[in-house]
Amino acid sequence: MTAPARVAIAWLEARARCDLPRLGELTADDAVWDSPVDGLLHGRDAVLNEVRRGFSETDAFSTELLSLDVRDSHAIATVRNTGRNGGAVLDSVQQLHLDIAGTSVTGVRIVVDDPDSVERFWAGV
């Protein structure tokens with residue numbers, strides 16, 4: 001397994017467990033988070049806050065890794081996110097495009113299957 005693949009898997013596992021200390025170790029200080037819901041955010045703290053919000057500011061949230069494709073310093077993870085937020089329900093297949101440098105994720109760009117339903121789900125958070 002390549003070093004970028006190990007970083008991507010460790011980062012995705014930490015995200016799935018909402019293990020913020022470990023996620024912080026694996027996220028670059030100047031990381032970029034690009035989400036169709038929140039737009040472009042900068043810095044490790046912003047990335048950690050977005051992951052934390054998913055778990056702590058909803059009634060329920062989980063993520064499942066469906067597939068991972070790593071090429072050089074870029075990984076594409078296909079995940080299924082599910083959750084409940086008040087009356088809203090999330091069941092979304094998404095791609096997380098991870099940029100990796102050394103032992104850190106430097107960028108996360110999120111592509112969702114249904115932007116309108118994803119945005120409605122997160123509107124109350």
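These notebook entries record what I looked up in a predicted model.

**Ground rules**

I worked with a predicted model, where local features need pLDDT of at least 70, side-chain atom pairs count only at pLDDT 80 or more, and totals for chains, interfaces and linings use all residues. Residues are numbered from 1 along each chain as its sequence is written, and side-chain values use heavy atoms, with hydrogens and water left out. For helices (H or I, at least four residues) and strands (E, at least two) I took DSSP runs, numbered from the N terminus.

**Entry 1: the core**

I started with the largest nonpolar core. I took a nonpolar core as a set of buried Ala, Val, Leu, Ile, Met, Phe, Trp, Tyr and Cys residues joined through side-chain atoms within 4.5 Å. Buried means under 20% relative accessible area, exposed over 50%, and partly exposed in between (1.4 Å probe, protein chains only). The largest core has 29 residues. Which members touch the most other members? I listed W11, W33, L96, L98, I100, V105 and V108. Next I noted the elements that give two or more residues to this core: α1 (3-17), β1 (27-35), α3 (44-56), β4 (74-85), β5 (88-101), β6 (104-112) and α4 (115-122). Helix α1 gives the largest share, six residues. In soluble globular proteins, nonpolar side chains tend to be buried together.

I then picked out I100. Contact here means heavy atoms within 4.5 Å. Leaving out residues up to four places away in sequence, I100 touches P4, V7, A8, S73, A75, V105 and T106.

I moved to R53, which lies in helix α3. Is R53 buried or exposed? R53 is buried, at 14% relative accessible area.

I counted a salt bridge when a side-chain nitrogen of Lys or Arg is within 4 Å of a carboxyl oxygen of Asp or Glu. By this rule there are nine salt bridges. One of them pairs R53 with D38, with the closest N and O atoms 3.4 Å apart. D38 sits in the loop between β1 and β2 (39-42) and R53 in helix α3, so this pair ties together parts that are 15 residues apart in sequence. D38 is partly exposed, with a relative accessible area of 33%.

E50 also forms a salt bridge with R53, the closest N and O atoms being 3.0 Å apart. Because E50 and R53 are three residues apart in helix α3, about one helical turn separates them. Both E50 and R53 are buried. Salt bridges that share partners join D38, E50, R52, R53 and E57 into one network.

I checked polar contacts as well. These are pairs of N or O atoms within 3.5 Å; within protein, one must be able to donate a hydrogen and the other to accept it, and residues adjacent in sequence count only if both atoms are side-chain atoms. The side chains of R53 and E50 are joined by a polar contact of 3.0 Å.

**Entry 2: D19 and R17**

I found a salt bridge between the side chains of D19 and R17, at 3.4 Å from N to O. D19 is partly exposed, at 23% relative accessibility.

**Entry 3: positive phi**

Last, I looked at backbone angles. C18 is not a glycine, yet its phi is positive, about 55°. Where is C18 found? I placed C18 in the loop between α1 and α2 (20-25). C18 is partly exposed, at 23% relative accessibility.

D72 also has a positive phi of about 55° without being a glycine. I placed D72 in the loop between β3 (60-71) and β4. D72 is exposed, with a relative accessible area of 70%.
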